[in-house]
Amino acid sequence: MYTEFFNFKTKPFELVPNPQFLYPSDSHRKALNHLEYGLKSRAGFILLTGEVGSGKTTIIKDLIRRLGTTTTMAMVFNTKVTPKQLIAMINEEFGLEVTGKDKVELLRDLNNFLIDQYAAKGQPIIIVDEAQNLSGQNLEEIRLLSNLEAEQAKLLQTVLVGQPELRTIVDE
């Protein structure tokens with residue numbers, strides 16, 4: 001009703017992380033600047049934490065819109081999975097075949113993909129939203145993926161997004 005009255009093109013105040021409605025407050029701009037700097041400098045891990053409803057997912061979606069064409073993205077939203085399922089989800093997001101493969105094959109395929117991306121000057125990034133819900137095993141899997149590296153650079157960047165308790169989990 002108010003969309004017609006105010007002549008809005010889209011319905012405002014939805015509870016979805018639409019980057020069109022991101023208000024660039026000081027803290028949001030600071031978070032975006034840190035994320036962009038981390039990605040440009042090819043940092044292995046980047047951590048973004050904030051309270052529920054603070055705009056973390058919206059910031060990530062805005063960041064994705066800004067990334068260049070050399071970026072390949074794997075978004076993980078479901079963190080309540082087994083380590084093999086996690087690797088399969090990442091591979092699938094990168095467009096790799098996962099059907100009927102065991103964990104070793106999945107990791108080999110991922111490593112080969114990352115090497116190919118590096119050779120092509122690509123920038124593969126994994127973004128894990130709600131990362132505070134990762135099991136210890138899955139957090140270790142993600143940490144181990146950071147060991148995939150070339151002589152002079154990390155092959156993969158990982159952005160962990162979650163609530164403040166994620167900082168405590170990562171520090172342990």
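Author: Before we dig in, one term: a residue is exposed when its relative accessible area is over 50%, and buried when that value is under 20%, with partly exposed in between. Also, this is a predicted model.

Reader: Good to know. So is Lys121 buried or exposed?

Author: Lys121 is exposed, because its relative accessible area is 65%. You will find Lys121 in the loop between α5 (103–119) and β3.

Reader: And what about the phi of Lys121?

Author: Lys121 has a positive phi, about 65°, even though it is not a glycine. For background, most residues other than glycine have a negative phi.

Reader: Thanks! Switching to strands: how many residues of β2 are buried?

Author: In β2 (residues 71–76), 6 of the 6 residues are buried, and the strand is mostly covered. Thr71, Met73 and Met75 point one way from β2, while Thr72, Ala74 and Val76 point the other way.

Reader: Which strand is β2 joined to, and do they run parallel or antiparallel?

Author: β2 is joined to β3 (residues 123–128) by 6 bridges, and the two strands run parallel. Within that pairing, Met75 has Ile127 of β3 as its bridge partner.

Reader: Nice. What does the largest nonpolar core look like?

Author: That core has 26 residues, and those with the most contacts inside it are Ile90, Phe94, Ile126, Val128, Leu145 and Leu160. At least two residues of this core come from each of β2, α4 (83–93), α5, β3 and α6. Apart from that core lies another, of 15 residues, including Leu39, Ile46, Leu48 and Ile60.

Reader: Let me zoom in on Leu160. Which residues is Leu160 in contact with?

Author: Leaving aside neighbours within four places in sequence, the contacts of Leu160 include Phe45, Ile46, Val128, Leu139, Ile142 and Val170.

Reader: OK, what about nonpolar residues on the surface?

Author: There is a nonpolar surface patch formed by Phe5, Phe6 and Phe8, with about 370 Å² of accessible area together. Phe8 is in the loop between α1 (2–5) and α2 (26–40). Phe8 counts as partly exposed because its relative accessibility is 37%. As a general point, nonpolar side chains in soluble globular proteins tend to be buried together.

Reader: Now charges. How many salt bridges are there?

Author: The count comes to 3 salt bridges. One of them joins Lys103 and Glu141, at 2.4 Å from N to O. This pair links distant parts of the chain, as Lys103 is in helix α5 and Glu141 is in helix α6, 38 residues apart.

Reader: Is Glu141 buried or exposed?

Author: Glu141 counts as buried, because its relative accessibility is 10%.

Reader: Last one: what is the partner of Asp109?

Author: That would be Lys101, with the closest N and O atoms of this salt bridge 2.5 Å apart. Asp109 is partly exposed, with a relative accessible area of 22%, and Lys101 is partly exposed with a value of 22%.

Notes:
Residues are numbered from 1 along each chain as its sequence is written. This is a predicted model: local features need pLDDT of at least 70, side-chain atom pairs count only at pLDDT 80 or more; totals for chains, interfaces and linings use all residues. Side-chain values use heavy atoms; hydrogens and water are left out. Buried means under 20% relative accessible area, exposed over 50%, partly exposed in between (1.4 Å probe, protein chains only). Helices (H or I, at least four residues) and strands (E, at least two) are DSSP runs, numbered from the N terminus. Two strands pair if DSSP finds at least two bridges between them. Patches are made of residues with over 30% relative accessible area and no salt bridge: like charges are joined within 9 Å, nonpolar side chains (Val, Leu, Ile, Met, Phe, Trp, Tyr) within 5 Å. Accessible areas come from the Shrake-Rupley method with a 1.4 Å probe; for residues, only the protein chains shown count as cover. A salt bridge is a side-chain nitrogen of Lys or Arg within 4 Å of a carboxyl oxygen of Asp or Glu. A nonpolar core is a set of buried Ala, Val, Leu, Ile, Met, Phe, Trp, Tyr and Cys residues joined through side-chain atoms within 4.5 Å. Contact means heavy atoms within 4.5 Å.
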